[in-house]
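Please look through the sequence and the model below before reading on. The paragraphs that follow begin with a single side chain and its surroundings, and then widen to the whole chain.

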Amino acid sequence: ASGVMFGCLLVLPWVLRRLVNVFYDLPPPVADLAPVFALLPLPVFFVPYARYLYDPGTLLLWAVALLLVAERRTLWLWLLLPVIAYHKETAVLLPPLIALRNWNVAPRARVLGVLMVQLAIVAAVRLAVGAQFAGNPGGTVLLVGPSHTRELVMTLFRKPPYVLTVVAMLW
């Protein structure tokens, strides 16, 4: 599990660099450093209850999805959508993003139809995941409040080597 998390964190800067190059016309040294600075605050979120296997995977899959949306790579988005939906429930946000990207370049009826089909795919995958894990102990929703923010701030001051580790790893 740690290897998968580490692998996702190693690949993420290259995807972010590609995203930077898609959206901005920057000199190569700036494009190379942008992902490093974007990922610097990441260790702040390494709090005790946030060390799940899916966290680095979520970052990587969403970065790839944003890159595919920006480049309008439709086939790859259709293939990635069920993977993201299986991975995390926030996949419901991807079809509206795709629809917004295509709103002015495709017929509106087609965009809305694709949106409905993609939302149905996400719903079907999430229902299958829910059925698969229905018997597991624990609540359906994890509620966090002010203690979450307090834990993030305390982690920043309690574990400063994380910041240096990320800088060294991505440099």
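Leaving aside residues up to four places away in sequence, Ile84 touches Leu61, Trp62, Ala65, Ala91 and Leu94, where a contact means heavy atoms within 4.5 Å. Ile84 sits in helix H4, a helix being a DSSP run of H or I with at least four residues and a strand a run of E with at least two, both numbered from the N terminus. Ile84 counts as buried because its relative accessibility is 2%; buried means under 20% relative accessible area, exposed over 50%, and partly exposed in between, with a 1.4 Å probe and protein chains only.

Phe37 and Pro13 are 24 residues apart in sequence, while their C-alpha atoms lie 10.0 Å apart.

On the scale of the whole chain, there are 8 helices and 0 strands, and buried residues account for 30% of the 171 residues. Among contacts between residues at least 6 apart in sequence, 72% join residues at least 24 apart.

This is a predicted model, in which residues are numbered from 1 along each chain as its sequence is written, local features need pLDDT of at least 70, and side-chain atom pairs count only at pLDDT 80 or more. Totals for chains, interfaces and linings use all residues, and side-chain values use heavy atoms, with hydrogens and water left out.

The pLDDT, which is the predictor's confidence in each residue on a scale from 0 to 100, has a mean of 83 over the protein chain, and 73% of the residues reach 70 or more. Confidence is highest in helix H5 (residues 94-102), at a mean of 96, and lowest in helix H8 (residues 161-170), at 54. Where pLDDT is low, the predicted coordinates should not be read in detail.

As for the surface, the accessible area of the protein chain comes to about 10900 Å², of which 72% belongs to carbon and sulfur atoms; such areas come from the Shrake-Rupley method with a 1.4 Å probe, and for residues only the protein chains shown count as cover.
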